[in-house]
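Welcome! Please take a moment to look over the sequence and the 3D view before reading on.

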Amino acid sequence: MTALTRAPAAPPRRAADGPAIRTQGLRKDYRGTPALDGIDLDVPRGTVHGLLGPNGAGKTTAVRILATLLRPDGGRAEVAGFDVARDPAEVRLRIGLLGQHAAVDEILDGRQNLEMFGRLYHLGPRTARDRAAELLDRFGLDETGRKPVGAYSGGMRRRLDLAVSMILAPEVMFLDEPTTGLDPRARTEVWSAVRALVAGGTTVLLTTQYLEEADRLADAITVVGRGTVIARGTPDALKARLGGDRIDVVLADDDEVTAVAAMLERIGEAAAEIDAEARRVGVPVRDRVAALTAVVGALRNAGIEAEDVILRRPTLDEVFVDLTGRAATPSKEAAA
Ligand code: ATP
């Protein structure tokens with residue numbers, strides 16, 4: 001019988017099953033002013049949760065508390081089954097954080113960066129190499145793997161940031177405005193990368209100023225304003241709450257905008273919204289088919305030519321204005 005010279009390693013602490021993220025009454029004050037004033041969140045594992053709100057709403061503060069970078073002043077927060085205040089080390093083992101600025105090396109190429117971070121995370125040389133190859137493939141960076149990062153486009157750069165934060169395949173990933181400052185094509189690339197991340201089993205909490213982004217990526221959305229929850233639900237449920245469908249009419253002649261606005265207000269549920277430059281008039285409607293028929297009939301009777309008549313669900317931007325009374329504001333960078 002061989003003697004044990006070492007005590008067997010303690011079994012890894014396992015978290016109970018439950019949501020990936022749960023907060024109850026989460027509070028944070030800065031010099032007596034609440035940045036978070038009692039936020040409740042419940043994010044099931046394997047889902048994407050969108051945290052939306054204008055600048056200063058408290059999104060980054062919430063993410064920093066959940067990522068154990070900041071201590072809450074009240075309430076509770078659990079991530080991957082561990083309390084962020086009592087077990088921060090356990091939380092840190094299970095999370096990844098992508099802030100607005102990541103720390104990849106500009107001189108190294110993508111593959112070298114991934115291998116370097118793999119080694120920093122104590123992977124062996126072969127494992128680090130294999131993991132780098134796997135991530136370059138998963139994030140569509142195969143062809144650019146040998147290019148110095150300084151020569152990457154914005155979208156490639158963000159995908160590499162995501163790949164770096166995925167080296168240890170975190171259970172929960174925090175993405176704080178992952179596409180701020182990117183052009184539309186690069187944003188689409190990052191969205192694919194986020195989907196790849198979720199397909200790999202990671203739960204994502206995404207803060208974004210692009211409401212379309214939450215609509216595309218999130219299973220559920222929490223809208224925050226001044227540190228409190230204003231609304232929550234699926235993107236579809238939030239849109240449905242606002243009276244469902246809208247009809248937009250795009251006119252051939254901008255002289256007719258006012259007449260058509262009056263016409264739409266008789267058929268629709270609220271005041272018409274007018275975009276004179278685009279010659280577009282829109283209104284929320286209740287019974288979509290009846291309203292569409294009525295609009296087309298009224299335009300014909302009045303002899304008004306429309307370039308287009310569109311029946312659509314409201315965008316999240318419209319949802320946001322309705323819920324908060326203000327538009328989603330541009331990012332700090334865009335506003336600077
Ligand atoms: P943004 O999109 O601009 O990042 P946000 O929703 O992430 O906004 P937070 O950055 O969490 O908002 O800020 C919430 C509130 O707390 C704001 O009023 C902000 O001015 C304040 N705040 C944030 N950090 C600090 C700090 N270190 N000291 C003092 N006040 C702070």
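Here is a short tour of charged and aromatic side chains in this predicted model.

## Salt bridges

Side chains of opposite charge can pair when their charged atoms come close. A search of the whole structure finds 21 salt bridges. In one of them, Arg76 meets Glu78 at 2.8 Å, N to O. Arg76 is partly exposed at 37% relative accessible area, and Glu78 is also partly exposed, at 21%.

Glu189 and Arg159 have their closest N and O atoms 2.9 Å apart. Glu189 sits in helix H6 (residues 184-199) and Arg159 in helix H5, 30 residues apart. With a relative accessible area of 10%, Arg159 is buried.

## A linked network

Arg45, Glu90, Arg94 and Glu171 are connected in a network of salt bridges. Within this group, Glu171 pairs with Arg94 at 3.6 Å between the closest N and O atoms. These two residues are 77 residues apart: Glu171 lies in the loop between helix H5 (154-165) and strand E7 (172-176), and Arg94 in the loop between helix H2 (88-93) and strand E6 (95-98). Glu171 is partly exposed at 34%, whereas Arg94 is buried at 13%.

Asp253 belongs to the loop between strand E11 (246-251) and helix H9 (257-267), and is partly exposed at 33% relative accessibility.

## An aromatic pair

The count of aromatic pairs comes to one. Phe117 and Tyr121 form this tilted pair, with 6.4 Å centre to centre and 40° between the planes. Phe117 is buried at 13% relative accessibility, while Tyr121 is partly exposed at 35%.

Methods
Residues numbered from 1 in each chain as written. Predicted model: local features only at pLDDT ≥ 70, side-chain atom pairs only at ≥ 80, totals over all residues. Heavy atoms only, no water. Helix = DSSP H or I, 4+ residues; strand = E, 2+ residues; numbered from the N terminus. Buried < 20%, exposed > 50% of the residue type's maximum accessible area, 1.4 Å probe, protein only. Phe/Tyr/Trp six-rings, centres within 6.5 Å; stacked < 30°, edge-to-face > 60°. Salt bridge = Lys/Arg side-chain N within 4 Å of Asp/Glu carboxyl O.
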